[in-house]
Amino acid sequence: MKPGGIFAVYDCDWPPTLYWQVEQAYEEMINRADGIIREQLSQEKQAVKRDKEKHLAAIKDSGHFRFAKEIVFHHAEDCDADRYFGIAMSQGGVQTVLRLNPKELDEDIKRFKQIVDDFFQDRTLQVLFSYRMRLGVRKT
């Protein structure tokens, strides 16, 4: 990066904001997947999950930037049950468990799918997708 250049990186906050019971079911399924991974894979084979709350501090502490900040924003998008369910199914922990032992999450997936379908009731709804962008201005 050139001196004075701007470093920008963003990530998503999951799950997308919808309704507390749907989001709670999402987190329960993700937590269950993470638990299965901890049980079945040695630590060196597990993906490293970084604490998003520490990203900005890491940028500031790197010594490469004269200024850094975090911007939080969201975007409302149309979403139906299939899309919301698909987002959950695409998460790394869920995919890892499906590759390790596809049946291990069956009940959790069925429960989550039912909660999502019950909430959406064949409707398309506005869902908030939230993002965090970290910016750093490189020292000259």
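This is a predicted model: local features need pLDDT of at least 70, side-chain atom pairs count only at pLDDT 80 or more; totals for chains, interfaces and linings use all residues.
Residues are numbered from 1 along each chain as its sequence is written, and side-chain values use heavy atoms, with hydrogens and water left out. Local features need pLDDT of at least 70 and side-chain atom pairs count only at pLDDT 80 or more, whereas totals for chains, interfaces and linings use all residues.

In soluble globular proteins, nonpolar side chains tend to be buried together. A nonpolar core is taken here as a set of buried Ala, Val, Leu, Ile, Met, Phe, Trp, Tyr and Cys residues joined through side-chain atoms within 4.5 Å; buried denotes under 20% relative accessible area, exposed over 50%, and partly exposed in between (1.4 Å probe, protein chains only). The largest nonpolar core holds 28 residues, of which Tyr84, Phe112 and Phe120 touch the most other members. Two or more residues of this core come from each of H1, helix H3 (81–89), H4, helix H5 (106–120) and strand S3 (125–138), these elements being DSSP runs numbered from the N terminus (helices, H or I, at least four residues; strands, E, at least two). H1 supplies the largest share of the core, eight residues. Beyond its neighbours within four places in sequence, Phe120 is in contact (heavy atoms within 4.5 Å) with Leu18, Cys79, Asp80, Ala81, Tyr84, Leu125 and Val127.

In H3, the buried residues are Ala81, Tyr84, Phe85, Ile87, Ala88 and Met89. Their cover includes S1, H1, strand S2 (65–79), H4, H5 and S3. In H4, Gly93, Val94, Thr96 and Val97 are buried. Viewed down the axis of H4, these residues fall within an arc of 160°, so they line one face of the helix; the arc is that of the directions from the helix axis to the C-beta atoms. The cover of the buried H4 residues includes H1 and H3.

The largest pocket has a volume of about 680 Å³. On a 1 Å grid over the protein atoms alone, a pocket is an open set of points where a 1.4 Å probe fits, with protein on both sides within 12 Å along at least five of seven lines, and lining residues have an atom within 4 Å of a point. Grid points are joined across faces, edges and corners, and the volume is the space filled by probe spheres set on the points. Of the 21 lining residues, Ile30, Asp34, Lys49, Gln91 and Gly93 are the closest to the pocket centre. Helix H1 (20–40) and helix H4 (92–100) are the elements that give two or more residues to the lining, with H1 giving the most, seven.

Gly5 contacts Gly136, Val137 and Arg138, its neighbours within four places in sequence being left aside. Phe7 lies in S1 and is partly exposed at 28% relative accessibility. The C-alpha atoms of Phe7 and Leu135 are separated by 5.6 Å, although these residues are 128 residues apart along the chain.

Most residues other than glycine have a negative phi, and most peptide bonds are trans. A cis peptide bond joins Trp14 and Pro15, with omega about 0°; Pro15 lies in S1. Gln121 has a positive phi near 50° and Asp122 one of about 60°. Gln121 is exposed at 55% relative accessibility, and Asp122 is exposed at 85%.
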